[in-house]
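Dear colleague,

I am passing on the structure below, together with a short account of what was found in it. Please read the account with the structure open beside you.

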Amino acid sequence: MRARTTLVGATALLLSAALAGPAFAAGPATGGHSATRKAIEAAVQAGVPGVTATAKDAHGTWSTTAGVGDTRTGAPRSTADRYRVGSITKTFVSTVLLQLEAEGRLSLDDTVEKWLPGVVHGHGHDGSRITVRRLLNHTSGIYNYTADDDFGRTYFTKDGFFAHRYDTLTPRDLVAIAMKHEPDFKPGASWGYSNTNYVLAGMVIEKVTGHSYATEITHRIIGPLHLTATSVPGTQVTVPHPSSRAYSKLAQTATGPSYDVTKLNPSIASSAGEMISNSADLDRFYSALLRGKLLPPQQLKEMKTTVRADGIPNTRYGLGLMDTELTCGVHVWGHGGGIHGSASGAVATEDGRHALALNFNGDWAGDMDAVIDGEFC
């Protein structure tokens, strides 16, 4: 994940998987976790209030923190901290859809129009030309609703955020914002990260199952894996304890005052990025996924079938899962996520035996790439 320089920025920070640059790598750690720890400390020195991280490998589990969880009291971060994970939500959503495909309840080649008639329509958008697969690998061309200027002013600037932080938006509201714009490209013609794709994916889950995407994730993933720190909060504005405060500049620069943005209504993220978890749970989730504990071989193969992620060096995008080669030449699979005051990354080796998850409780500074590089190279 790239260092944060602004929250509003084109509003792309929210839930952005494209927070990952040449970041994710894998392989045996050669020097314990000293390089990881050094990179975490450097992130705090660069301005991140606090960091929490947990790695799991053949030698066991290692956790660390640096900096503070509360700038007012000086209370430290906890290795058990729960935090908003942003776009890491996308891997959970994709996993549920692939489970449904394995059960014969839908096909990745079904059109969006089949399941959501009339929803993707207007200004050149056409749901009859977009498949579920194109939603999941971001080749649909559907406009990214978080890039809408009005949305950015309303939810990412200081005045807008504090006036609207508790607004409730429905998935249809979010899709309607996207439909006011022309598509970025024709379906399949290119690659472009769009949070709208995964709002629609969550809507498809509900149409197929009759249950919300949150219910399906809870029943199919959170429960079976005993992810006790993981939740889909819906409209709940708080983060369960233990947790730290989350901070943002709420501006287009990394200078100026920081604001406590811990409380917000995550419906603005919906199934593109509203989930809460902690580092140990994320390690467990990605390890289980890559070891074939959640998907049959065919569906896991589909998830790991990648396309070039334009604009993200050394990275290819599968179905809610990113494959990135680091400078040391090795790969891991995972996802990154950002939402107000919270930047997260979770990666694991292809065999699922070495995993790392971490969180910054500030969204304007720090090099997450360096932390992941330190752990795996």
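The largest cavity is lined by 14 residues, with Arg82, Tyr83, Arg84, Ser244 and Ala246 lying nearest its centre; a cavity here is a set of points, on a 1 Å grid over the protein atoms alone, where a 1.4 Å probe fits but cannot get out, and lining residues have an atom within 4 Å of a point. This is a predicted model, in which local features need pLDDT of at least 70 and side-chain atom pairs count only at pLDDT 80 or more, while totals for chains, interfaces and linings use all residues. Residues are numbered from 1 along each chain as its sequence is written, and side-chain values use heavy atoms, leaving out hydrogens and water.

About 90 Å³ of space lies in the largest cavity, the volume being the space filled by probe spheres set on the points, which are joined across faces, edges and corners. Strand β3 (residues 82-84) gives the most to this lining, with 3 residues; strands (E, at least two residues) and helices (H or I, at least four) are DSSP runs, numbered from the N terminus.

Turning to the helices, α2 (residues 89-102) and α9 (residues 213-222) pack at an angle of about 80°, with their axes 10 Å apart, where axes are lines fitted to C-alpha atoms over the stretch in contact and angles run from 0 to 180 degrees between N-to-C directions. That makes α2 roughly perpendicular to α9, a term for angles of 65 to 115 degrees.

With kind regards

Terms used: On a 1 Å grid over the protein atoms alone, a cavity is a set of points where a 1.4 Å probe fits but cannot get out, and a pocket is an open set with protein on both sides within 12 Å along at least five of seven lines; lining residues have an atom within 4 Å of a point. Angles under 35 degrees count as roughly parallel, over 145 as roughly antiparallel, 65 to 115 as roughly perpendicular and the rest as oblique.
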